[in-house]
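Q: I have a chain open here and want to get my bearings. Can we go through it step by step?

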Amino acid sequence: EEIGAAWSQPIMSISSGRPVGSLSTLYDQPHTPTEHETRTAAASCSLLPMAAPADADAVAVAAGRAIN
């Protein structure tokens, strides 16, 4: 299946302001995000860091150690 459109928005750490992830959406045909999709993504990306641990960098380091 081909990708007709892709859209990504960064999820920024509250404490450091650095990106800690992204919210990505893929479509199988050309697509421009609607106003509703844009608002929903913005709200999600501002809420997601609140659900993550305060020290996401330490979690990422620990996860890297667990994998290796």
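Q: How many helices and strands are in the chain?
A: This is a predicted model. The chain has two helices and two strands.

Q: What order do the elements run in, from the N terminus on?
A: The order is β-β-α-α.

Q: In which sense do β1 and β2 pair?
A: They pair in the antiparallel sense, over eight bridges. Within that pairing, Gln-9 stands opposite Leu-23 in β2.

Q: And the hairpin, how many residues sit between the strands?
A: Six residues lie between β1 and β2 in the hairpin, and Gly-17 there takes a positive phi near 75°.

Q: Where does Ser-13 lie?
A: Ser-13 is in the loop between β1, residues 5–12, and β2, residues 19–27.

Q: Is Ser-13 buried or exposed?
A: Ser-13 counts as buried because its relative accessible area is 13%, and buried means under 20%.

Q: What does the side chain of Ser-13 reach?
A: The side chain of Ser-13 reaches the backbone nitrogen of Ser-16 at 3.2 Å. Leaving aside residues up to four places away in sequence, Ser-13 touches Arg-18 and Val-20.

Q: Different topic. What percentage of the chain's residues is buried?
A: Buried residues make up 12% of the 68 residues in the chain.

Q: Last one: what share of the contacts with a separation of 6 or more comes from residues 24 or more positions apart?
A: Residues 24 or more positions apart account for 45% of those contacts.

Note on methods. Residues are numbered from 1 along each chain as its sequence is written. This is a predicted model: local features need pLDDT of at least 70, side-chain atom pairs count only at pLDDT 80 or more; totals for chains, interfaces and linings use all residues. Side-chain values use heavy atoms; hydrogens and water are left out. Helices (H or I, at least four residues) and strands (E, at least two) are DSSP runs, numbered from the N terminus. Buried means under 20% relative accessible area, exposed over 50%, partly exposed in between (1.4 Å probe, protein chains only). Contact means heavy atoms within 4.5 Å. A polar contact is a pair of N or O atoms within 3.5 Å; within protein, one must be able to donate a hydrogen and the other to accept it, and residues adjacent in sequence count only if both atoms are side-chain atoms. Two strands pair if DSSP finds at least two bridges between them.
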